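Notebook open, viewer loaded. I want to go through this one piece by piece and jot down what I find.

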Amino acid sequence: MAGCQAAKTSPDHARPNVVIIFTDDQGYGDLSCNGHPTIRTPNIDRLAAEGVKLSQFYVASPVCSPSRAALLTGCYPKRVSMHQHVIFPQYDYGLHTDEVTIADMLRERGYATGCFGKWHLGHRPGLLPLDQGFDEYVGVPYSNDMAQIHRQPDNGYAFRLPFMNGNDVTEWEPDQRLLTKRYTEATVDFIERHQQQPFFAYVPHSMPHIPLYASKEFEGRSARGLYGDVIEEIDWSVGQIIKTLDRLGLSDNTLVIFMSDNGPWLPFKLNGGSAGLLRGGKGSNWEGGQRVPFLAKWPAQIPAGRVCREVATTMDVLPTLAAVTGGSLPSSIVLDGHDMRELLVASGSAKSKTEQFLYYTSNGELHGIRRGPWKLKFEPIELFQIEHDVSEQWNVADQHQDLVAELRELAVRLDAEITEHARPTRKVATLQFDPAK
Ligand SMILES: [Ca+2]
């Protein structure tokens, strides 16, 4: 029975392999298993069928860099001062190396650690994946649009997109049709090379962040158009990783987690995704901006085919992995996430430890709070019973004025604590490479 599995701590399972697949700007509704009618994701759906799906899972920011900082550190972006929107190529700061990332924690525990994809937490010397706990890195250090969409020669900005191996730029302006395939090959190669020891593979895909690219094998394949082609290639990638684990006999003891870094980028219309039932998308504090798919498969511990409807967040991943692997975190460190292991492995009665969740805008300003089924948004004040009204259509603030005042006071108080104890980013004056044209 699933209930016994939580307590199982046999040596074989003391240090499971960990694979985190983190897509970019994929909407809550952009999976077959979350209801999309024309995008086919059989491999990602398999994670749900053979593992657990969380239906109320949040990222801590509706944009890339803050969301990634929260995942890797277990903290609100504001606590690590990474809350003020995304890192652009000319920026001189990044996540501080004093922070303990998932990779730092697992490497200390004896894991081989690799990052294969989009980094976006700083790209100057000392701010890259090899400085943040990863043994290996292959990918692009910031968003795939920053050379194309944000090219602004009139403002003095014109950037190039580097492709990196470790700390070295191996090419400029890589063929983006091949990014998903290259990240996949690097991940499979990493798993094959480290099959004899515990490993952590972090796979933050560049796609489906615009501009969209699929390889020629996938272009034109999906009934959803290019966006669907891109998602179906990511699904192929997930399948390649699962097949590799199966072939090497590692599947049973490997925890594979699939998530997106924020909601769909709706202004790009057909090139943006869908949040399904949820209102809004990337950059907003509507549920569509911050509620994302979460699937986890780990046959040794997670019962197959469950849906967990408890609230959890990316900030829970670090403390959960520490609990699962026996990894240690400094006792002095303040985290905002909680060990959510019970939500993954228990048979259904486990309750979330997230008592409340703060919403911050893409620029890092406090903009709301969720507690239990209630979500309060600021400016204008709107209150939603989010479990009755998942699409945030019916503002009931007028009927619950005491609750509005209480939640507002709580949000301000919690935010004040984070602000008071915020830890700094790291600024670096020198360049690792010159991103300018
Ligand atoms: Ca993103």
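Predicted model: local features only at pLDDT ≥ 70, side-chain atom pairs only at ≥ 80, totals over all residues.

**Entry 1**

D25 comes out at 1% relative accessibility, so I logged D25 as buried. D261 is buried as well, at 0%.

**Entry 2: the sheet**

I then traced the strand order. It is an open sheet of ten strands with mixed pairing, running β7-β6-β5-β4-β8-β1-β9-β10-β2-β11. At the edges I have β7 (168-172) and β11 (306-313), each pairing on one side only. On average, neighbouring strands are turned by 20 degrees against each other, direction ignored.

Helix α8 (residues 317-325) packs on this sheet and touches β1, β9 and β11. The direction of α8 makes about 165 degrees with that of β1.

Some pairings I looked up one by one:

- β4 and β5 run parallel, joined by three bridges; C115 has Y137 in β5 as its bridge partner.
- β5 and β6 (residues 162-165) are antiparallel over two bridges; V138 has N165 in β6 as its partner.
- β9 and β10 (residues 294-297) are antiparallel, with four bridges; V256 stands opposite K297 in β10.

Is β5 covered on one face or both? Both: E136 and V138 are buried on one side, Y137 and G139 on the other. For context, side chains in a regular strand alternate between the two faces of the sheet.

**Entry 3: H123**

I went looking for H123 and found it in the loop between β4 (112-116) and β5 (136-139). H123 is buried, with a relative accessible area of 4%. What lies 2.9 Å from a polar atom of its side chain? That is the backbone oxygen of P89. Setting aside neighbours within four places in sequence, the contacts of H123 include I87, F88, Y91, Y142 and F433.

Most residues other than glycine have a negative phi, and most peptide bonds are trans. I therefore listed the exceptions I came across.

I210 and P211 are joined by a cis peptide bond, omega about 0 degrees, and P211 belongs to the loop between β8 (199-204) and α6 (226-247). The bond from E379 to P380 is cis too, with omega near 0 degrees.

E379 also has a positive phi, near 50 degrees. Both E379 and P380 are in the loop between β14 and β15. E379 is exposed, at 67% relative accessible area.

S81, not a glycine, has a positive phi of about 60 degrees. I placed S81 in the loop between α3 (64-73) and β3 (93-94).

Key
Residues numbered from 1 in each chain as written. Heavy atoms only, no water. Buried < 20%, exposed > 50% of the residue type's maximum accessible area, 1.4 Å probe, protein only. Polar contact = N/O pair within 3.5 Å; in protein donor to acceptor, adjacent residues only side chain to side chain. Contact = heavy atoms within 4.5 Å. Pairing = 2+ DSSP bridges. Axes fitted to C-alpha atoms, helices over the stretch in contact; angles between N-to-C directions.
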